[in-house]
Amino acid sequence: MKNILCIGAGYVGGPTMAVIAKMCPDYEVNIVDINEDRIQRWQSDDLPIYEPGLKSIVRETLNKNLFFSTDIAGNIKKADIIFVSVNTPTKTFGIGAGKAADLQYWEKTARQILEYSDSDKIVVEKSTLPVRTAQAMERILNSGDEGIHFEVLSNPEFLAEGTAIKDLLNPDRVLIGGHGTETGRKAVAELVKIYTHWVDSERVLTANLWSSELSKLVANAFLAQRISSINSVSAICDATEADVSEVSRAIGMDSRIGKKFLQASVGFGGSCFKKDILNLVYLCDHYGLHDVANYWEQVVLMNQYQKTRFVARMIATMFNTVVDKRIAILGFAFKADTGDTRESPAIDICHQLLDEHACLTVSDPQALDNAKRDLADYQDLVTFEVDPYLATENSHALAILTEWEEYINLDYNRIYASMVKPAFIFDGRNILDHDQLFTIGFNVYPIGKPPLTHI
Ligand SMILES: NC(=O)c1ccc[n+]([C@@H]2O[C@H](COP(=O)([O-])OP(=O)(O)OC[C@H]3O[C@@H](n4cnc5c(N)ncnc54)[C@H](O)[C@@H]3O)[C@@H](O)[C@H]2O)c1
C-alpha cells in the first residue's frame with residue numbers, strides 16, 4: 001500500500017486528504033500538523049473547520065486509511081508522496097512586507113523533510129506559492145549528502161471554501177506541474193494515478209512547474225478581478241440609478257463573458273484572493289514589470305474602496321452619525337457555508353463602524369468564535385448573538401455582510417417591529433427581496449441599485 005503524507009491539516013490539507021482517502025482506498029493517507037489541538041479536533045466530532053459534506057467523509061475514512069497525527073518525523077520517514085499544505089500568508093515584516101509571501105513555514109517543512117527522510121520521495125506543493133518556489137525547495141532538499149532523490153511537483157488546489165467537498169469530488173480540472181526529465185515524468189504519472197481514481201483523465205492537466213505555480217496565482221487574480229470589476233460598476237450604478245443586477249444579467253449572457261462572479265457585494269474576502277494577488281504584484285515588481293504590478297494591484301484597491309464606500313453610505317444615510325446607534329451585522333464569515341473569517345469584508349466594515357462609535361451586534365451561524373477573535377480590541381462596543389432576531393432587536397439598522405441563505409427567509413415583519421424607526425437595511429450582498437422589505441416599512445439600501453426609502 002502506497003503511503004501519502006500531508007503536512008498541514010488546515011482548510012486545504014484536511015478536506016483534500018479526506019477525499020483522497022475516500023476515493024483511493026488502496027492508499028494510506030496520513031496528515032500531520034504542529035497544531036495539536038487541530039489534530040485532536042480532526043479526530044473528534046467537532047472538526048476544526050466547517051465544510052458541508054466533510055464530516056461524513058472523515059467519519060467514513062478515519063482510522064481506516066486516513067490518520068491524523070503530530071508525529072511529523074515518523075510520518076515523513078514512511079511516506080512515498082508528501083503533500084505540503086502549510087500556510088503561506090502575506091509577509092508582515094522586512095523586505096516585501098505587506099505583499100510578498102511569508103515562506104517561513106514552507107521552508108521549515110522542506111528542512112524537516114530533508115532531515116527525516118531515508119528514502120526517495122515525491123514532494124508535492126499543495127500550498128499556493130510564488131513562481132519558482134519549487135526550485136528553492138529542490139535546492140534545500142538536494143543539499144543533503146544521503147543520496148536520496150526528491151522530485152518536486154506543483155499541484156495547486158483550486159477548491160473554494162464552502163463548496164470544498166463538491167469541488168474536490170468533481171473538480172473543473174486538476175493541475176500537475178513537473179520537470180520534463182525522466183524522474184519528473186515518472187513522478188507526475190504517480191500523482192496522475194491518484195487523481196484518476198475518480199477524476200476523468202481529460203481533466204487532469206500536466207504542465208511545466210512554473211506554469212503550474214503561476215496558474216494558481218493567475219486563477220485567483222482573474223476571479224478577484226471579476227468581483228472588483230462588477231463592484232466598480234456598482235459604484236457607477238449608484239451614481240446613475242442603473243441597476244447592477246440588470247447590468248450583470250445583460251453582460252453575463254454574453255457567452256464570452258459568462259455569468260459567474262458577477263454579483264456585486266461588499267467585496268471579496270478569504271485567506272487567498274488578496275494574498276495571492278499581492279504575491280503576484282510582488283513577483284511582477286521583482287521582475288521589473290511595474291506596469292503589470294500596478295494593473296493587478298488595482299483589484300485589491302478596488303476591493304478596499306468598495307468596503308469604505310459601503311460604510312460611508314451607511315453613515316450618510318443614517319443622518320451622518322452612527323454614534324451610540326445599535327447596528328446588527330448579519331453575517332461575519334467571508335462567504336456563506338463557511339465559518340472562516342480570514343480577510344472577511346465584515347472585519348473592515350465593523351472596524352470602520354466601531355471607529356465611528358457605533359454599537360454592533362454581530363450574528364453568524366458558523367463564524368462567531370472567529371468574529372470574537374477578530375473584534376477582540378473592541379470588546380465593550382460589540383455583542384455577539386447567534387439568533388438573528390435577538391441580534392436585530394432595538395437596532396437602528398441591519399447590514400447583511402454574508403450571503404447566508406437563512407437570511408433570505410427571516411421573518412422581516414417581526415424584525416421590523418422590534419427595530420428603532422426609521423429602520424434601515426443595508427444589503428451588502430443583494431440577496432433580500434427589496435420590494436417586500438420596503439412594503440414592510442424598511443428603508444432599503446442595496447448595492448448598485450436605487451435605494452427604496454420612506455424618508
Ligand atoms: N483556504 C483555501 O480556500 C485555499 C484554497 C486553495 C489553496 N490554498 C492554499 O493552501 C495553503 C494552506 O491553506 P489553508 O487555508 O489550508 O491554511 P491553514 O492555515 O488552514 O492550514 C495550514 C496548516 O499548516 C500547519 N503548519 C504550518 N507549519 C507547519 C509545519 N512546519 N509542520 C506541520 N504543520 C504546519 C498549520 O499549523 C496549519 O494548521 C496556503 O498556501 C493557501 O494559499 C488555500
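How are α1 and α3 oriented to each other, oblique or parallel? The axes of helix α1 (residues 13-23) and helix α3 (residues 54-61) cross at roughly 50 degrees, and the two helices are therefore oblique to each other. Angles under 35 degrees count as roughly parallel, over 145 as roughly antiparallel, 65 to 115 as roughly perpendicular and the rest as oblique.

The structure is a predicted model, in which local features need pLDDT of at least 70 and side-chain atom pairs count only at pLDDT 80 or more, while totals for chains, interfaces and linings use all residues. Residues are numbered from 1 along each chain as its sequence is written. Helices (H or I, at least four residues) and strands (E, at least two) are DSSP runs, numbered from the N terminus.

**Helix pairs**

| Helices | Axes come within | Crossing angle |
|---|---|---|
| α1 and α3 | 9 Å | roughly 50 degrees |
| α9 (residues 209-240) and α12 | 9 Å | roughly 45 degrees |
| α11 (residues 273-286) and α12 (residues 290-317) | 8 Å | roughly 165 degrees |

The crossing of α1 and α3 is left-handed, a term for a near helix turned anticlockwise from the far one by less than a right angle (right-handed if clockwise). Pro15, Ala18, Val19, Ala21 and Lys22 of α1 make the contact with Leu54, Ile57, Val58, Glu60 and Thr61 of α3. Two residues are in contact if their C-beta atoms, placed from the backbone, lie within 7 Å. This contact divides into seven nonpolar, one polar and two charged residues. Ala, Val, Leu, Ile, Met, Phe, Trp, Tyr, Cys and Pro count as nonpolar, Asp, Glu, Lys and Arg as charged, and the others, Gly among them, as polar.

At its angle, α9 is oblique to α12, and the crossing is left-handed. Residues of α9 in this contact include Ala221, Ala224 and Gln225, and those of α12 include Trp296, Val299 and Met302. By class, the contact of α9 with α12 has six nonpolar, six polar and one charged residues.

Helices α11 and α12, by contrast, are roughly antiparallel to each other, and their crossing is left-handed. Among the residues that meet are Ile277 and Leu278 in α11 and Trp296 and Val299 in α12. The contact of α11 with α12 has 10 nonpolar, one polar and three charged residues.

**The sheet**

Six strands form an open sheet with parallel pairing, in the order β11-β10-β9-β12-β13-β14; two strands pair if DSSP finds at least two bridges between them. Strands β11 (382-384) and β14 (443-445) stand at the edges with a single partner strand each, so one side of each has no neighbour in the sheet. Neighbouring strands are turned by 20 degrees against each other on average, direction ignored.

Strand β9 (residues 326-330) is joined by five bridges to strand β10 (residues 359-363), and the two run parallel. Helix α13 (residues 345-355) lies across β9 and β10, at about 160 degrees to β10.

**Ligand shell and backbone**

Of the 27 residues around the ligand, Gly8, Gly10, Tyr11, Val12 and Ser127 come nearest; a residue is near a molecule if its C-beta atom, placed from the backbone, lies within 6 Å of it. The shell has 11 nonpolar, 11 polar and five charged residues.

Most residues other than glycine have a negative phi, and most peptide bonds are trans. Asparagine 320, which is not a glycine, has a positive phi of about 65 degrees and lies in the loop between α12 and β9. A cis peptide bond joins lysine 421 and proline 422, with omega about -5 degrees.

Notes
Axes are lines fitted to C-alpha atoms, for helices over the stretch in contact, and angles run from 0 to 180 degrees between N-to-C directions.
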